[in-house]
Amino acid sequence: MIVHELAPSLLQADVENTLAEKDEKQSVHQYEHTADTADAPYLVDIAAERRLVRRLDLRIVPASMFLYFLCCIDRFNIGNAKILNDTAADSLAQTLDLSDRQYTIALMIFFISYAIFETPSNYLLKKYKPSRWLAFLMFGWGATTMLTAACQNYGSLVALRFLLGAFEAGLFPGIVYLLTFWYKPNERAVRIALIVACATLGGAFGGAIAYGVGRIDRTRGLPAWRWLFLLEGAPCCLCAAAVFLFFPDFPETVRWLSPAERALATGRIRGVASLGHAPLSWADARATLADVRLYAHYLLFVAFSVGFASMSQFAPTIVQGLGYAGLGAQLFTVPPYALGFVVCVAVAWVSDRYEVRSLGAAAAFLVCGVSFLVEASLPPTAFAARYGVLCVALSFAFAISAPSLSWLTANLRNTGASTLAVPLNVSIATIGQITGTFIYKSAEAPSFPTGHYTNAGFMFAGALLALGLRCFYQRRNRALAAGEPRWRL
């Protein structure tokens, strides 16, 4: 309900604000020349474009949000399972007799496989069509989640976490990549934000679901954490068929657009975004891999990933350290994630609306860094204050993603760059995600100084890097000749 009611209204406002800046008295808008339109520029009917974008939003964005929502529930549930019904000695960690080190390795192995399979997955998505490939991935991670309920020891848990990472690796970079075939750069941040914000919804609903499932502990002889994996994996397997049949592919081929709408969908992005039929060449691949500025974007995402991964996997443990025990620890993870959804969308909307993606990312980094610093400095017994600061820290830790990704994709100018740079960005960020899995130590509860100070350091470094990269693009823009495409800020 949240997805279908909130997303269209936000997107409609975004479209109207963007189009309002154009001259409404003109019936057409002229875009830049490309190799495909050497004889004449493509002309776009503004009213038709508005109708098309609204139709795309209703078809693509809610479906993408729902997929990522289910993905994040299955990714984050190990954090809930770790402490679920621990007061009855029935948690995942207690049933499998996991040490803190073994649990951390089980988290880390997910990110290793995630990094390995991201880039190949984007290539396969383009080769086999998004609907087919994403349906395969969805069924795979759903089935793997359900199999986790049958784990009997540490070894089987690690093996299944590796498989889960392999299947989930292709979803998020694949969706971001798909958006580049449908939307112009200045249309992406709020849409990416709505999708990214579903990670916070996944965390919120995951905590609420865990709270409910915890009450059926030992039903049919199964600990509640096994029921959690079964109940959260099954919907993904069922929904995979709908993804195969109905999820959109590329604008050049979809049947639910008329020929005129397909022409408009491809024509309006030609020269400023990727085209679904454009091949991936080795020349483009080499140029992308050798482009030094992209590695600054990748480092930015590494800094973001430390906070994102640590909050995603350890939020229930941190909340438990604030004085909430048993099922209450599950329930109190909901408010930070719910606030995070609102903050994610707000930061992205402002970043896109005013073309300040770099400043949006830098501001989110800064607020998040200050929050972690305050969290680490507060007395261990100041539970209420530390919980409030945690809500702010988690919200802005998630909010960094959308403006950062939108900024990256806005400065990718061909299909080869989009095919490689988006998954490489997330793959290299695995360094940050692995770091995030090691910084919160149960022995340091309830203050967790190592985790909070480490997160603060990465957040401040990310803010400085975002501002430095902005200055780099500003210098490049000043050196451009009149008429050359500008680098996005």
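**View 1. Arg 353 over the ring of Tyr 354 in a predicted model.** The charged end of Arg 353 sits over the Tyr 354 ring, 5.4 Å from its centre; that label needs CZ of Arg or NZ of Lys within 6 Å of the ring centre and within 35 degrees of the ring normal. Lys 127 does likewise with Tyr 128, its charged end being 5.7 Å from the ring centre. This is a predicted model, so local features need pLDDT of at least 70 and side-chain atom pairs pLDDT 80 or more, while totals for chains, interfaces and linings use all residues. Residues are numbered from 1 along each chain as its sequence is written, and side-chain values use heavy atoms, with hydrogens and water left out.

View 2. The structure holds 23 aromatic pairs (Phe, Tyr or Trp rings, the six-membered one for Trp, with centres within 6.5 Å; planes under 30 degrees apart are stacked, over 60 edge-to-face, the rest tilted).

**View 3. A ring cluster.** Ring pairs tie together Phe 76, Phe 301, Phe 304, Phe 308, Tyr 337 and Phe 398.

**View 4. Ser 131 and its surroundings.** Ser 131 counts as buried because its relative accessibility is 6%. Asp 249 is 118 residues away in sequence, yet the C-alpha atoms are 6.0 Å apart. Beyond neighbours within four places in sequence, Ser 131 is in contact (heavy atoms within 4.5 Å) with Val 243, Phe 244, Phe 247 and Asp 249.

Key:
Buried means under 20% relative accessible area, exposed over 50%, partly exposed in between (1.4 Å probe, protein chains only).
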